[in-house]
Amino acid sequence: FNFSKIRPQGDKVKNVPRSASGPVDFLRAYSAALAQILQGAKRQGANIAILNADHPDIVDFITLKDQDGTIKNFNVSVGVSDAFMEAVVKNSSWRLSNPRNGEVWKVVKARKLFGMICEHAWATGDPGLAFLDRMELDNPTPSLGKLEATNPCGEIALLPYESCNLSSICLQNHLKKTSKGYEIDWEDLEKTVKLGVRFLDDMIEVNTYALREIEEMVKQGNRRIGLGVMGFAHMLYILEIAYDSPEAVRLAERLSKFMRKKAE
């Protein structure tokens with residue numbers, strides 16, 4: 001959920017002054033309601049809440065998890081633009097504007113706001129950062145909507161009503177032993193990548209959708225999937241490559257390019 005279109009706390013509603021409760025209260029209400037819904041009758045569903053850095057209630061959002069322990073099934077992230085990050089670098093001013101009418105409610109130092117984000121991320125693990133402009137650059141279907149949020153753990157940017165249809169390839173299972181030790185079995189990895197893509201696409205086809213809007217976006221719309229990896233560190237250990245070495249970085253880049261190409 002991106003709550004940035006909700007008017008700030010204290011704004012007027014139908015000309016009644018100071019009656020808007022603001023996005024943070026909406027987030028609390030969502031969290032309380034969703035806490036009653038169990039996924040598979042076993043665990044609560046995971047959610048993410050995003051508020052853009054130019055919203056007047058952004059400080060309350062950043063400090064949300066300092067206040068109490070009621071927000072347990074929401075990750076929170078601040079939506080930041082290229083303009084905000086440039087303002088942080090330049091230590092320039094940053095405007096917080098009412099999404100209802102664009103009125104500037106407050107002007108703050110961007111670097112001070114960014115410092116607050118960092119401090120709370122260090123202390124509580126939240127908020128994260130969602131780089132909105134970068135996400136939109138990779139939007140393959142801008143005609144269907146703008147990317148303003150991600151799935152709960154941030155692996156994949158999603159449009160409204162999209163689902164995170166994800167799977168991971170276990171890299172350590174794609175090694176072969178040679179006379180010189182272990183190496184990546186690229187042929188076997190290619191087979192798994194293609195199988196994973198087919199499997200995820202089939203999941204979209206056979207799934208049951210709770211809402212018509214979800215089915216239209218997921219099945220008849222983007223058919224978005226995400227094929228990732230796990231076991232990277234274990235694979236490096238078997239290959240006798242240091243995790244923090246330039247060789248490990250080069251291998252990660254090579255793996256990513258290979259998987260992306262074979263998944264097409």
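Predicted model: local features only at pLDDT ≥ 70, side-chain atom pairs only at ≥ 80, totals over all residues.
1. Let's start with a term: a salt bridge is a side-chain nitrogen of Lys or Arg within 4 Å of a carboxyl oxygen of Asp or Glu.

2. How open are they to the outside? Arg-212 counts as exposed at 53% relative accessibility, while Glu-216 is partly exposed at 40%. Glu-213 is also partly exposed, at 30%.

3. Across the whole structure, a search turns up 14 salt bridges. One of the others pairs Arg-134 with Asp-138, whose closest N and O atoms are 3.3 Å apart. Here Arg-134 is partly exposed at 46% and Asp-138 is exposed at 53%. There's also a network of salt bridges linking Glu-190, Lys-194 and Lys-262.

4. Now zoom out a bit. The protein has 10 helices and 13 strands, and its C-alpha trace spans about 75 × 45 × 35 Å along the principal axes. Of its 264 residues, 36% are buried.

5. Have a look at helices α9 (residues 232-239) and α10 (residues 246-263): their axes come within 12 Å and cross at roughly 120°. That makes α9 oblique to α10, and the crossing is right-handed.

6. Last stop, the surface: Phe-1, Phe-26 and Tyr-30 make a nonpolar patch of about 270 Å². Phe-1 lies in the segment before α1 (23-34) and is partly exposed, with a relative accessible area of 41%.

Terms used: Residues numbered from 1 in each chain as written. Heavy atoms only, no water. Patch = residues over 30% accessible without salt bridge, like charges linked within 9 Å, V, L, I, M, F, W, Y side chains within 5 Å. Areas by Shrake-Rupley, 256 points an atom, 1.4 Å probe, with all protein chains shown as cover. Helix = DSSP H or I, 4+ residues; strand = E, 2+ residues; numbered from the N terminus. Buried < 20%, exposed > 50% of the residue type's maximum accessible area, 1.4 Å probe, protein only. Axes fitted to C-alpha atoms, helices over the stretch in contact; angles between N-to-C directions. Parallel < 35°, antiparallel > 145°, perpendicular 65-115°, else oblique. Left-handed = near helix turned anticlockwise from the far one by under 90°.
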